[in-house]
Structures are given as structure tokens and as C-alpha cells.
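User: Please take a close look at one part of this model, the pairing of aromatic rings. Then set it beside whatever else can be said about the fold.

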Amino acid sequence: MARLAYSKASLSKESAKLKRFKQFLPSLDLKRQQLAVERKKALATLRQTELEIEQCYQKSAAMLPMLADKSIHVQNLVKVVQVEVTEENIVGVHLPLLKDLRIEVQPYSLFTEPHWVDQLVVQLKIMMRLKLQQQIEVQRVEVLGDAVKKVTQRVNLFDKVLIPKAQQDIRKIRIYLSDLERAGVVRAKSTKQKRLRANKVG
């Protein structure tokens with residue numbers, strides 16, 4: 001850490017630094033608040049998707065109880081063939097965003113497969129989309145959580161460390177300069193009195 005210089009130039013430098021810190025802090029705190037709001041929204045969206053996944057499970061179980069029959073082979077009916085994830089800039093933070101998803105249905109015979117396979121395909125496509133959405137939303141919540149943590153640390157650094165330190169340094173320099181000025185005045189008075197006494201004697 002650089003040693004504090006007790007001079008008018010240093011006082012000016014520390015004052016300018018304090019001014020910059022005080023200007024920067026409100027915008028940083030505003031960013032922290034905006035990110036916290038976005039994280040809350042992202043968390044609510046994730047909870048909603050998780051609810052929809054649960055509902056989709058329950059609906060599938062109610063509509064298609066025959067799935068419990070393991071002798072019927074319905075694996076690999078649908079598969080994801082393309083996922084496009086882009087980025088969204090929220091308050092300077094880059095978040096993943098599901099842009100496009102293409103799901104392919106494997107051909108199956110309408111004559112040999114049970115009639116409920118059509119409904120199963122619909123439910124599987126819904127579930128695949130929801131699961132992928134969930135993965136992206138988990139990432140968004142994590143990225144926003146990290147961003148809130150980082151910005152909060154910076155806010156605390158400015159608010160609890162840098163600004164109080166700059167204020168303390170300014171106070172120290174002012175006290176030193178004030179003492180120096182007072183000592184100069186005392187010296188000047190003393191010199192003047194000595195000169196007057198010398199003139200009287202001479």
C-alpha cells in the first residue's frame with residue numbers, strides 16, 4: 001500500500017478520489033438492485049417450469065397408464081436434433097436464452113403401434129422442451145446469483161472500505177496541514193518579536 005503523502009497535492013488527489021467513489025457507488029448499488037430483481041424473476045420462471053414438468057408427468061401418468069407395461073417398447077420415439085442457445089444482455093450480464101429447439105419424431109407404424117402412441121409423442125415433445133428450458137433457466141439463476149454476489153462485494157468495498165479510508169486520509173492530511181500552518185504562524189510571530197526586541201536593544 002502506497003504511503004500517504006501529507007501535502008496539498010495529496011489532499012487534492014484524495015478529495016478527487018473520494019468524489020469519484022461517491023459518484024460511482026449509487027450506480028453500482030442500482031445495478032445490484034436490478035440484478036437482484038432479475039434473479040428473483042429468473043427464479044420464479046424456473047419454479048414455474050418445474051411446476052409444469054410435474055404437471056406434465058402427472059398428466060402423462062393419468063392419460064397413459066399403459067406406459068407401466070414394460071413389454072411395450074416406446075423408447076427413442078422422439079429426439080432433439082437441434083438446439084440453438086443465444087445470449088441475452090441483462091444489466092451487463094450475459095445470460096443464456098433458448099432461441100430454437102427442433103425435435104424430430106421417429107417414424108412409427110400407425111397400424112402396428114398402439115393408438116395412444118400419438119398422444120405419447122405429444123407429451124414427450126412437451127416434456128423435452130420443458131426439460132431443456134429448465135436447464136437453461138437453472139444456468140440463468142446461477143449466473144445472476146454470481147453477478148449479484150460480485151456486485152454486492154464491490155458495493156461493500158466502496159461503501160465500507162474505500163470511501164471511509166479516503167475520508168480518513170483526507171482528515172489526516174487536513175489535520176497535518178492545519179498543524180503545519182499553525183506552527184508557521186507561531187514561528188513567524190516569534191521571529192517578529194525577537195526582531196522587535198533586537199531593535200529596542202540596538
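Analyst: Start with exposure terms. A residue is buried under 20% relative accessible area, exposed over 50%, and partly exposed in between. Tyrosine 176 has 38% relative accessibility, so it counts as partly exposed. Note that the model is predicted.

Now the rings. A search of the whole structure finds three aromatic pairs. In one of them, the ring centres of tyrosine 6 and tyrosine 176 are 5.0 Å apart. Pairing requires centres within 6.5 Å. The planes of tyrosine 6 and tyrosine 176 meet at 45°, so this pair is tilted. Stacked would need planes under 30 degrees apart, and edge-to-face over 60.

Where do the two partners sit? Tyrosine 6 belongs to the segment before H1, and tyrosine 176 to helix H2. The pair therefore ties together parts that are 170 residues apart in sequence. Tyrosine 6 is partly exposed, at a relative accessible area of 37%.

Phe21, Phe24 and Phe158 form it. Helix H1 covers residues 8-63, and helix H2 covers 117-201.

Is serine 60 buried or exposed? Its relative accessibility is 13%, so it counts as buried. The side chain of serine 60 has two contacts to report here. One reaches the backbone oxygen of cysteine 56, at 2.8 Å. Another is a polar contact with the side chain of glutamine 123, at 3.1 Å.

Then the strands. S1 spans residues 78-90 and S2 spans 93-105. They pair in the antiparallel sense, over 12 bridges. Asparagine 89 stands opposite histidine 94 in S2. S1 and S2 form a hairpin, with two residues between them. Valine 91, in the turn, has a positive phi of about 50°.

Last, the stretch leading to H2. Proline 114 is in the loop between S2 and helix H2. With 26% relative accessibility, proline 114 counts as partly exposed. Proline 114 and valine 93 are 21 residues apart along the chain, and their C-alpha atoms are separated by 49 Å.

Back to the request. The pair to inspect is tyrosine 6 with tyrosine 176: tilted, with centres 5.0 Å apart. It links the segment before H1 to helix H2.

How values were computed:
Residues numbered from 1 in each chain as written. Predicted model: local features only at pLDDT ≥ 70, side-chain atom pairs only at ≥ 80, totals over all residues. Heavy atoms only, no water. Helix = DSSP H or I, 4+ residues; strand = E, 2+ residues; numbered from the N terminus. Buried < 20%, exposed > 50% of the residue type's maximum accessible area, 1.4 Å probe, protein only. Polar contact = N/O pair within 3.5 Å; in protein donor to acceptor, adjacent residues only side chain to side chain. Pairing = 2+ DSSP bridges. Phe/Tyr/Trp six-rings, centres within 6.5 Å; stacked < 30°, edge-to-face > 60°.
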